[in-house]
Amino acid sequence: MNNLYGEKLCEMFASCVNSRPLKKAAKYRVGVDLGTANIVVAVVDEGGEPVAGKMQRAQVVKDGLVVDFIGARNIVAKMIEELNEELGTELLSGACAVPPGTGIADSKATMYVVESAGLEVLNIVDEPTAASKVLGISDGAVVDIGGGTTGISVLKEGKVIYTADEPTGGTHFTLVLSGHFNITFDEAETMKLEGKNQKKLFPILKPTMEKVTDIIRRHIKGFNVETIYLVGGASALYGLKDVVENTLGIKAVVPKYPLFITPLGIALSCP
Ligand SMILES: Nc1ncnc2c1ncn2[C@@H]1O[C@H](COP(=O)(O)OP(=O)(O)OP(=O)(O)O)[C@@H](O)[C@H]1O
Ligand SMILES: [Mg+2]
């Protein structure tokens, strides 16, 4: 990522997530990312610097929609409680996010999870727009390849001019490995996440990468996209950036911490 600001934010967040707060502040801005694979709460100070955070794997959301309300609420409430204790404060409000194009009813479900966990929701943003704040970009396509879905936003002069979301993400790569090696989903997930395995898994995962690439191609068609920013956990997969770049002939960028871009962007979207 040719963006030192965003990289620094991610590095700071990486150093405090599920660890000790970096510092205390007079005012906190909170972002809650309810993902298909991960729930993340990011806390930044008034100036937008990360100070604390929590992250946990959870299966309470499917394809961007809350499927286990109580489970989601309990996880977020516990995270907030721990953050309150560590920061010596009472976090009262925050922002949350939904995949682009989510309807009002589903956006409300996300909002209710956060509110029932004790935070008044001051803003609901769409995920790629949140990501663009950390990427520090005003033009290009933001592609968030998360656990369940791939969300695409096209930005022009700082405005989102197109969004879409399709149900293919990190989970699908894991399912392919699970089928190929005849192992459980969890075993396949562990195999996939082991960095040293990824190079040799590339030929098996390439067709799914091509599918993701095809999703991107269809949605950016007709827009003058010069750079594709890949975020979300699954964009870290070995070879994905090259498949996207070589197939589409458009420069692709994967930041160093693709998992943290959207959650931090949500916190930055908190007024
Ligand atoms: N280093 C990595 N290499 C490959 N895949 C990874 C890596 N780290 C995380 N992932 C995958 O990224 C996915 C989770 O990403 P992320 O946290 O962005 O998703 P999410 O926000 O929970 O899901 P969604 O946005 O689709 O609701 C999982 O499928 C996980 O296996
Ligand atoms: Mg996500």
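Trainee: Let's start with helix H2: which residues of H3 do Phe69, Ala72, Arg73 and Val76 meet?
Mentor: Bear in mind that this is a predicted model. A residue is in contact here when heavy atoms lie within 4.5 Å. By that test, the four residues you name in H2 meet Ala109, Tyr112, Val113 and Ser116 in H3.

Trainee: And how many nonpolar residues does the contact of H2 with H3 have?
Mentor: Start with the rest of the tally: by class there is 1 polar residue and 1 charged one. The nonpolar count in this contact is 6.

Trainee: Is the crossing of H2 and H3 left-handed or right-handed?
Mentor: What matters is whether the near helix is turned anticlockwise or clockwise from the far one. For H2 and H3, the crossing is right-handed.

Trainee: Staying in H2, is glutamate 81 buried or exposed?
Mentor: Glutamate 81 has its place in helix H2. Its relative accessible area is 57%. The cut-off for the open class is over 50%, so glutamate 81 is exposed.

Trainee: How far apart in space are glutamate 81 and alanine 267?
Mentor: Along the sequence they are 186 residues apart. In space, going C-alpha to C-alpha, the separation is 17 Å.

Trainee: Alanine 267 is in H9, so how many of the 11 residues of H9 are buried?
Mentor: H9 runs over residues 258-268 and is largely enclosed by the rest of the structure. Among its buried residues are Pro258, Phe260, Ile261 and Ala267.

Trainee: What is the angle at which H4 and H9 cross?
Mentor: H4 takes in residues 127-135, and its axis comes within 7 Å of that of H9. The two helices are roughly perpendicular to each other. The crossing angle is roughly 90°.

Trainee: Which residues of H9 does H4 meet?
Mentor: On the H4 side, the residues are Glu127, Ala130, Ala131, Lys133, Val134 and Leu135. Their partners in H9 are Ile261, Thr262, Leu264, Gly265, Ile266 and Leu268.

Trainee: How many residues of the contact of H4 with H9 are nonpolar?
Mentor: The contact includes 2 polar and 2 charged residues. The nonpolar number is 8.

Trainee: How far apart are the axes of H5 and H7?
Mentor: H5 spans residues 170-181 and H7 spans residues 198-220. They pack at an angle of about 140°, and the distance between their axes is 10 Å.

Trainee: How many charged residues are there in the contact of H5 with H7?
Mentor: His172, Phe173, Val176, Leu177, His180 and Phe181 in H5 meet Leu201, Ile204, Leu205, Thr208, Met209 and Val212 in H7. These residues divide into 9 nonpolar and 3 polar, and the number charged is none.

Trainee: Last topic, cysteines: how many disulfides are there?
Mentor: A pair of cysteine sulfurs has to lie within 2.5 Å to count, so the tally of disulfides is 0.

Trainee: What is the nearest cysteine sulfur to that of cysteine 96?
Mentor: Cysteine 96 is buried, at 0% relative accessibility. Its nearest cysteine sulfur is 10 Å away and belongs to cysteine 270.

Methods
Residues numbered from 1 in each chain as written. Chains lettered and ligands numbered in written order. Predicted model: local features only at pLDDT ≥ 70, side-chain atom pairs only at ≥ 80, totals over all residues. Heavy atoms only, no water. Buried < 20%, exposed > 50% of the residue type's maximum accessible area, 1.4 Å probe, protein only. Nonpolar A, V, L, I, M, F, W, Y, C, P; charged D, E, K, R; others polar. Axes fitted to C-alpha atoms, helices over the stretch in contact; angles between N-to-C directions. Parallel < 35°, antiparallel > 145°, perpendicular 65-115°, else oblique.
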